[in-house]
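Have a go at each task before you read its solution.

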Amino acid sequence: MKKFIIFTGIIAFIGIGIFAATRYAENYKLSAQEAYTDRFMKNKFAPFVATWDVESVPLLFIENAEVNNIAKLLNQIKESVGICKMREIKSCQSQERVSKLKSDMYFSERGYSVRCQFSMSCEKEENVTGETVFLPDKHKTKLFSFTITYGEEEE
């Protein structure tokens, strides 16, 4: 009976250890994706909005991005708001952390998307807000899309 109790205790301890290690690995992966995305926003996306340079599109976006369509949209954005300066980049968050609250429309076999909220001031529009969507690529992410909102009166 004593051996059975010891054996059961060892099995329970190993089970708890495996569970804890799995949770740690999942959290590490999400944290790595969020950190990579945060650095990307500060080091690559912020300089990008200062120029809206079409030539940098292939370096920023995921493979097979429709560069011609993106170039047209970037020219429209540049005409509408001008060049911009990033004011604030809110912390980037993996949608896996909030998946129980709302579904992720960009979920794929690779996992949940990572989203970043930001605000910037531009030549022609003072208050511009936006969101970027990144798709997972192992412990990193790749820019999938971004949206900006401007010209709306706050009540």
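**Exercise 1. Find which residues touch the most other members of the largest nonpolar core, and which elements supply that core.**

Solution. Keep in mind that this is a predicted model. Start with the core itself: it has 28 residues, and the ones touching the most other members are F45, F48, W52, M120 and F146. Next, look at where the core comes from. Two or more residues come from each of α1 (2–49), α2 (57–60), α3 (67–81), β1 (84–89), β3 (114–122), β4 (128–137) and β5 (140–149). Finally, pick the top contributor: α1 gives the most, with 6 residues.

**Exercise 2. List what F146 touches, leaving out residues up to four places away in sequence.**

Solution. Select F146 and show its contacts. Now look at the rings: F146 belongs to one aromatic cluster together with F45, F48, W52 and F118.

**Exercise 3. Classify the aromatic pair F45 and F48, and decide whether each ring residue is buried or exposed.**

Solution. The structure holds 9 aromatic pairs. For F45 and F48, the centres are 5.8 Å apart and the planes make an angle of 45°, which makes the pair tilted. Then check the positions: both residues sit in helix α1, 3 residues apart, or about one turn of the helix. Last comes accessibility. F45 has a relative accessible area of 0%, so it is buried. F48 is at 3%, so it counts as buried too.

**Exercise 4. Work out the geometry of the Y106 and F144 pair, and say what the pair ties together.**

Solution. Begin with the rings: their centres are 5.4 Å apart and their planes are at 65°, so this pair is edge-to-face. Then place the partners. Y106 is in the loop between β2 (93–94) and β3, while F144 is in strand β5, so the pair links parts that are 38 residues apart in sequence. For accessibility, Y106 comes out at 22% and so counts as partly exposed. F144, at 33%, is also partly exposed.

**Exercise 5. Decide whether Q33 is buried or exposed, and find its contacts beyond four places in sequence.**

Solution. First locate Q33: it lies in helix α1. Its relative accessible area is 3%; the cut-off for buried is under 20%, so Q33 is buried. Now list the contacts, again skipping residues up to four places away: Q33 touches S94, V114, P136, K138, H139, K140 and T141.

Technical notes
Residues numbered from 1 in each chain as written. Predicted model: local features only at pLDDT ≥ 70, side-chain atom pairs only at ≥ 80, totals over all residues. Heavy atoms only, no water. Core = buried A, V, L, I, M, F, W, Y, C linked by side-chain atoms within 4.5 Å. Buried < 20%, exposed > 50% of the residue type's maximum accessible area, 1.4 Å probe, protein only. Helix = DSSP H or I, 4+ residues; strand = E, 2+ residues; numbered from the N terminus. Contact = heavy atoms within 4.5 Å. Phe/Tyr/Trp six-rings, centres within 6.5 Å; stacked < 30°, edge-to-face > 60°.
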